[in-house]
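Have a look at it below, and then we'll go through it piece by piece.

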Amino acid sequence: MNDDFLHRIRVQPSPEFLARLKARLDRQGPVPHPRARLLRSLVAGLLVGASALALASLALRGELGGFHWDGWGRTQVSGEGVPPQGGAAANSPAARDVPAAWSAHNPWAAAPQPSSRAAGRQGVASVGPVVAIPQSAPVAPNATAAEYGGGAALLAPAPSERLNIVVAAHADFVARNAIAGFVKQGYNQPALLVAPEGSALADFCRGNSLDFIVPARRMTPAEIDGCARLGAALVEVKIGSEVVVFGRSRLYGTLSLTPRDVFLALARTIPDVANPGETVPNRNATWNDVNPALPLDRIQVLGPALGSPQGQAFLALIMEAGCDTFASLATLQGAAREQACRTLREDGVYVDAGPPIGAQFIQRLEMVPTAVGVLSAPLASGNADALLQLPIDGVAASAQSVADGSYTAARTMYLYVNRDHARRLSSMRSFLLDYLAAAWGPGGPTLLLRSGEPTEIRTRALIELGFQP
Amino acid sequence: MEDGELDWDSLYADQAPRVYNYFRFRMGSRADVEDLTSRTFEKAWRSRARYRRDLAGFSTWLFRIARNVAIDHLRARRDHLPIDAAAEVAAECTPERDAERDSDLARLAVLTARLPDRDRELIALKFGAAINNRSIAQLTGISESNVGTILHRTVQSLRARWRADEACHE
């Protein structure tokens, strides 16, 4: 038994009671506008004062209606005042500091700076040119370069100027957001290629048509050298790190997890202990079922939507990492890997709680104290009073542990820019700023731990590319 | 505070179940809960023109009213109850106690009866009203870290006693 017993005791009031009470409240009528009340009070006060003055003067003169008054009279005036502002008022988000809709069942440092690499001398075999994939429907734009003082192109772009961009799958969402903002500024739609898994990065430099590349990992010196030999001298920009952090309410203390534990808790199917090589449906109910060293708390994880950048980071950095600890699953590729490593149970142990930002997410975690939340690094550090960050593999997330690699649930994102093209294509400065804004902005991977202050990163990148910061 | 800026109907829909459950947890029985909930909203509605968003979130403001209603009610009730009518927590399983355990709410009431009033209040705010520790701290004047500590200790104790209670009836 866990502490659900306290939550179970909550019930929904009867609809009849709620309706009766509401009707009684409605009969009280709309509350007068505060200014109306003030005005009424002032008017009443003035009239009372005037009446008192008048009566006083009459009293002093010793006459009122033919009688002599030696007392004070008072008249009460009820003014109409300003009609109250009522009706169907817009729902003010700020005022709705309330939890989500009621439900009777409620389950619930600065890293080292990057350096650009010197050109090398290695040769590479030739392949075909970069192939553009047609764009999908544009997504909502995020902050554009205009916010950073670089909105308008320094020079008007040539009509044929069209950027070629290659991104790894995990950067596709951010790239499309950046492109949407970029195009809205009047630039031509860039050609975007989502690099197939396992692509040789240097191959994209053939023909020297590549302008930007966001790979799945940092390019090696050999790859950078290879591009340079093909004429594409790349400048490296370290955007930051996608960091997956687990946390839960301080009420229940810490829980030391590994990616393997989380995989065994959440994957739809898990390896069959009795039959190596086979998988079985996941029926683990408590963390203790997953790992005898863990407590009997029911498995409940609140996390981001799996299709979001945050969700994709969670699947890559935790679920796949846990999956890879099983020899029978580590070698899977393609659809089989997707099925085995990145498909979660649908029996309610994982709950899509929306983006892991904001007070509402915190409140949901607090309402279900045994629940574990998939958090952003800023949310975890900004709410240390309410939440305990849970270590992964015994290591807590920090700028240092991410930088030195000891915190494994993280991956650093790099963007590479063709320096020579940047000096010729006026639009590249704008796209660079748009991409950084998209990566750091609300539509980007909010699990991101930046590698420095945004201004610093932008300025350094612009200077290296020969742009005015 | 502009009355027109808040959607009072939506606020009522959101807050009414929370206030209702706060009183269920606080009073430990279904009796009086509807009456106390009604009193809270009637007071709130009469004074809602005076609500100032810059001073407190709406739920904090509303639960200040609810707590005052609870305090008044408990004071009036205590004045009329003989001292030996207070519920007692069973130290052991007895047939007399079985009759009281007809619902989880009744069981909770028995288990919390000997808790200090402050701890019962925190349980009611946390689990009945579903308020976070920060807001509980604002309402009660207890520091947020103390709220967490008290709740942690109280829930651990309740959990152990709840389990022991279940073991009696297995």
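**A walk through the two chains**

Let's start inside chain A, with helix 6: its buried residues are A:Pro259, A:Asp261, A:Val262, A:Phe263, A:Leu264, A:Ala265 and A:Leu266. That makes 7 of the 8 residues in this helix, which spans residues 259-266, so helix 6 of chain A is largely enclosed by the rest of the structure. Before going on, keep in mind that what you're looking at is a predicted model.

Now zoom out to chain A as a whole. The chain has 469 residues, and 47% of them count as buried. As for its accessible surface, that comes to about 21700 Å², with 57% belonging to carbon and sulfur atoms.

Chain B has another make-up: here you'll find 8 helices and 0 strands. Reading from the N terminus, the elements simply go α-α-α-α-α-α-α-α. Chain B has 170 residues, and buried ones make up 54% of them.

Back to chain A, and to its strands. Strand 1 covers residues 164-167, and both of its faces are covered. A:Asn164 and A:Val166 are on one side, A:Ile165 and A:Val167 are on the other, and all of them are buried. Which way does strand 1 of chain A pair with strand 2 of chain A, and over how many bridges? The two pair in the parallel sense over 4 bridges, with strand 2 taking up residues 191-194. If you'd like one pair to look for, A:Val167 has A:Val194 in strand 2 of chain A as its bridge partner.

Further along chain A, 5 strands come together in an open sheet with mixed pairing, and their order is 9-8-10-5-11. At the edges stand strand 9 (350-352) and strand 11 (387-390) of chain A; each has a single partner strand, so one side of each is left without a neighbour in the sheet. On average, neighbouring strands in this sheet are turned by 30° against each other, ignoring direction. What links strand 9 of chain A to strand 8 of chain A? There are 3 bridges between them, and the two strands run parallel, strand 8 being residues 301-303. Within that pairing, you can find A:Leu302 opposite A:Val351 of strand 9 of chain A.

You'll find B:Ala130 in the loop between helix 6 (117-128) and helix 7 (133-140) of chain B. Its relative accessible area is 6%, and because buried means under 20%, B:Ala130 counts as buried.

B:Ala130 also takes us to a spot where both chains take part. Rolling a probe the size of a water molecule over the atoms shows where empty space is left. The second largest cavity has a volume of about 30 Å³. Which residues line the second largest cavity? From chain A come A:Gln363, A:Glu366 and A:Met367, and from chain B come B:Lys126, B:Ala130, B:Ile131 and B:Asn132. Helix 11 of chain A (residues 358-367) gives the most to this lining, with 3 residues. Sorted by class, the lining has 3 nonpolar, 2 polar and 2 charged residues.

In chain B, B:Pro17 is part of helix 1 (residues 8-27), and at 1% relative accessibility B:Pro17 counts as buried. B:Pro17 and B:Ala129 are 112 residues apart along the chain, but their C-alpha atoms are separated by 8.0 Å. In chain A, A:Met428 is part of helix 15 (residues 427-440), and A:Met428 counts as buried at 1% relative accessibility. The C-alpha atoms of A:Met428 and A:Leu465 are separated by 9.8 Å, with the two residues 37 apart along the chain.

Terms used:
Residues are numbered from 1 along each chain as its sequence is written. Chains are lettered from A and ligands numbered from 1 in the order in which they are written. This is a predicted model: local features need pLDDT of at least 70, side-chain atom pairs count only at pLDDT 80 or more; totals for chains, interfaces and linings use all residues. Side-chain values use heavy atoms; hydrogens and water are left out. Buried means under 20% relative accessible area, exposed over 50%, partly exposed in between (1.4 Å probe, protein chains only). On a 1 Å grid over the protein atoms alone, a cavity is a set of points where a 1.4 Å probe fits but cannot get out, and a pocket is an open set with protein on both sides within 12 Å along at least five of seven lines; lining residues have an atom within 4 Å of a point. Grid points are joined across faces, edges and corners, and a volume is the space filled by probe spheres set on the points. Ala, Val, Leu, Ile, Met, Phe, Trp, Tyr, Cys and Pro count as nonpolar, Asp, Glu, Lys and Arg as charged, and the others, Gly among them, as polar. Two strands pair if DSSP finds at least two bridges between them. Axes are lines fitted to C-alpha atoms, for helices over the stretch in contact, and angles run from 0 to 180 degrees between N-to-C directions. Accessible areas come from the Shrake-Rupley method with a 1.4 Å probe; for residues, only the protein chains shown count as cover.
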